[in-house]
Amino acid sequence: HFLSCYLGWLLKEGHGMSSNWAERYVVLNTKTKTLSYYDKSDKKVVKKKGEYAFDSPKCKVEASSAKT
């Protein structure tokens with residue numbers, strides 16, 4: 001039995017000339033096939049930065065219990 005929602009922190013490489021690394025909090029929802037990500041710039045207020053939808057027939061969201 002797998003969960004429908006996974007969450008955690010990741011590092012994302014920035015765009016442009018100053019490709020800094022930014023910490024993002026992410027939520028992967030396997031039921032809605034979306035990945036939402038949030039800014040950590042203010043520790044008291046978490047701001048949603050964006051969301052990706054994996055609704056393409058070529059894209060498949062799978063859950064794994066394997067630990068690496």
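Biologist: How do I read a sheet, and in what order do the strands sit here?

Modeller: Strands of a sheet pair through backbone hydrogen bonds, either parallel or antiparallel. In this predicted model, 4 strands form an open sheet in the order β1-β2-β3-β4, with antiparallel pairing. β1 (5-13) and β4 (47-53) are the edge strands with a single partner each, so one side of each has no neighbour in the sheet. On average, neighbouring strands are turned by 25° against each other, direction ignored. That angle is taken between N-to-C directions on a scale from 0 to 180 degrees, with axes as lines fitted to C-alpha atoms (for helices, over the stretch in contact).

Biologist: What counts as a strand, and what counts as a pair?

Modeller: Strands are DSSP runs of E with at least two residues, helices are runs of H or I with at least four, and both are numbered from the N terminus. Two strands pair if DSSP finds at least two bridges between them. The protein has 0 helices and 4 strands, running β-β-β-β from the N terminus on.

Biologist: How many bridges join each pair of neighbours?

Modeller: Going across the sheet, 9 bridges join β1 to β2 (residues 21-29). Then 6 join β2 to β3, and 6 join β3 to β4.

Biologist: Is Arg 24 buried or exposed?

Modeller: Buried means under 20% relative accessible area, exposed over 50%, and partly exposed in between (1.4 Å probe, protein chains only). Arg 24, in strand β2, has a relative accessible area of 11%, so Arg 24 is buried. A contact means heavy atoms within 4.5 Å. Leaving aside neighbours within four places in sequence, the contacts of Arg 24 include Trp 9, Lys 12, Tyr 37 and Lys 49. For the protein as a whole, buried residues make up 18% of the 68 residues.

Biologist: And how do I read aromatic pairs?

Modeller: A pair of aromatic rings is described by the distance of the centres and the angle of the planes. Rings of Phe, Tyr and Trp (its six-membered ring) pair if their centres lie within 6.5 Å; planes under 30 degrees apart are stacked, over 60 edge-to-face, and the rest tilted. The structure holds 3 such pairs. Trp 9 and Tyr 25 have ring centres 4.9 Å apart and planes at 65°, so they are edge-to-face. Trp 9 lies in β1 and Tyr 25 in β2, so this pair ties together parts 16 residues apart in sequence. Trp 9 is partly exposed at 49%, and Tyr 25 is partly exposed at 24%.

Biologist: How are Tyr 37 and Tyr 52 arranged?

Modeller: Tyr 37 and Tyr 52 are stacked, 5.7 Å centre to centre with 25° between the planes. Tyr 37 is in β3 (residues 34-39) and Tyr 52 in β4, 15 residues apart. Tyr 37 is buried at 19%. Elsewhere, ring pairs link Trp 9, Tyr 25 and Tyr 38 into a cluster.

Biologist: How many salt bridges does the search find?

Modeller: A salt bridge is a side-chain nitrogen of Lys or Arg within 4 Å of a carboxyl oxygen of Asp or Glu. Searching the whole structure finds 1. Lys 48 and Glu 51 meet there, at 3.1 Å from N to O. Lys 48 is partly exposed at 48%, and Glu 51 is partly exposed at 44%.

Biologist: What about the stretch after β4?

Modeller: Phe 54 lies in that segment and is partly exposed at 25%. The C-alpha atoms of Phe 54 and Thr 34 are separated by 5.9 Å, though these residues are 20 apart along the chain.

Note on methods. Residues numbered from 1 in each chain as written. Predicted model: local features only at pLDDT ≥ 70, side-chain atom pairs only at ≥ 80, totals over all residues. Heavy atoms only, no water.
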